[in-house]
Amino acid sequence: WSFPPRALHWVFKVGSLKDSLKFLSAVGARVLRHEEFETGCEATCNGPYAGRWSKTMAGFGPEDDHFVFELTYNYGVTDYKKGNDLREVLIYKTTE
């Protein structure tokens, strides 16, 4: 175990994988891995959807020692009901 513990990733259900990756790329993140699934996840990884979906991990470095964004995209779903769990994501870069 490493101390202090660190956040590994956050899951975001996105209506447009292309637009989400365009934004993350603009702030310096890159795709680390991408997986495609033909049917819904039994553990509801992709929410209450039974169809085709994908999971894309994007971040600023390797998952082993960097925080990453998990982008869950359900094919054919372009919008999700807004919740109250997350208010903002703040990304900043230090000057070197």
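Modeller: Here it is; please note that this is a predicted model. The structure holds five salt bridges.

Biologist: Which residues are linked in a network of salt bridges?

Modeller: The network is made up of Arg33, Glu35, Lys55 and Glu63.

Biologist: How far apart are the closest N and O atoms of Glu35 and Arg33?

Modeller: They are 2.4 Å apart in that salt bridge. Glu35 has a relative accessibility of 27%, so it counts as partly exposed. Arg33 is also partly exposed, at 33%.

Biologist: And what is the distance between the closest N and O atoms of Arg33 and Glu63?

Modeller: For the salt bridge between Arg33 and Glu63, the distance is 2.8 Å. This pair links distant parts of the chain, 30 residues apart: Arg33 belongs to strand E2, whereas Glu63 sits in the loop between E3 and E4. Glu63 has a relative accessible area of 28%.

Biologist: Why is Glu63 classed as partly exposed?

Modeller: Because partly exposed covers the range between under 20% (buried) and over 50% (exposed), and Glu63 has 28%.

Biologist: Which residue forms a salt bridge with Glu36?

Modeller: Arg52 does, with the closest N and O atoms 3.5 Å apart. Here too the pair links distant parts of the chain, since Glu36 is in strand E2 and Arg52 is in the loop between E2 and E3, 16 residues apart. Both partners are partly exposed: Glu36 has a relative accessible area of 37%, and Arg52 has 38%.

Biologist: Let us turn to the sheet. What is the order of its strands?

Modeller: The four strands run in the order E1-E4-E3-E2, forming an open sheet with mixed pairing. Strand E1 (9–14) and E2 are the edge strands, each pairing on one side only. On average, neighbouring strands are turned by 20° against each other, with direction ignored.

Biologist: In which sense do E3 and E4 pair?

Modeller: Strand E3 (residues 53–59) and strand E4 (residues 68–74) pair in the antiparallel sense, over seven bridges. Within this part of the sheet, Met57 stands opposite Glu70 in E4.

Biologist: Which strands does H1 lie across?

Modeller: H1 lies across E1, E2, E3 and E4. Its direction is at about 165° to E4.

Biologist: Where is Ser25, and is it buried or partly exposed?

Modeller: Ser25 is found in helix H1. With a relative accessible area of 47%, Ser25 is partly exposed.

Biologist: How many Å separate the C-alpha atoms of Ser25 and Glu36?

Modeller: The separation is 21 Å, and the two residues are 11 residues apart along the chain.

Biologist: One last topic, the surface. Which residues form the nonpolar patch?

Modeller: Trp10, Phe23, Val27, Phe60, Val89 and Ile91 form it, and together they have about 500 Å² of accessible area.

Biologist: Where does Val27 lie?

Modeller: Val27 is in the loop between helix H1 (17–26) and strand E2 (30–37). Its relative accessibility is 34%, so Val27 counts as partly exposed.

Methods. Residues numbered from 1 in each chain as written. Predicted model: local features only at pLDDT ≥ 70, side-chain atom pairs only at ≥ 80, totals over all residues. Heavy atoms only, no water. Patch = residues over 30% accessible without salt bridge, like charges linked within 9 Å, V, L, I, M, F, W, Y side chains within 5 Å. Areas by Shrake-Rupley, 256 points an atom, 1.4 Å probe, with all protein chains shown as cover. Salt bridge = Lys/Arg side-chain N within 4 Å of Asp/Glu carboxyl O. Helix = DSSP H or I, 4+ residues; strand = E, 2+ residues; numbered from the N terminus. Buried < 20%, exposed > 50% of the residue type's maximum accessible area, 1.4 Å probe, protein only. Pairing = 2+ DSSP bridges. Axes fitted to C-alpha atoms, helices over the stretch in contact; angles between N-to-C directions. Contact = heavy atoms within 4.5 Å.
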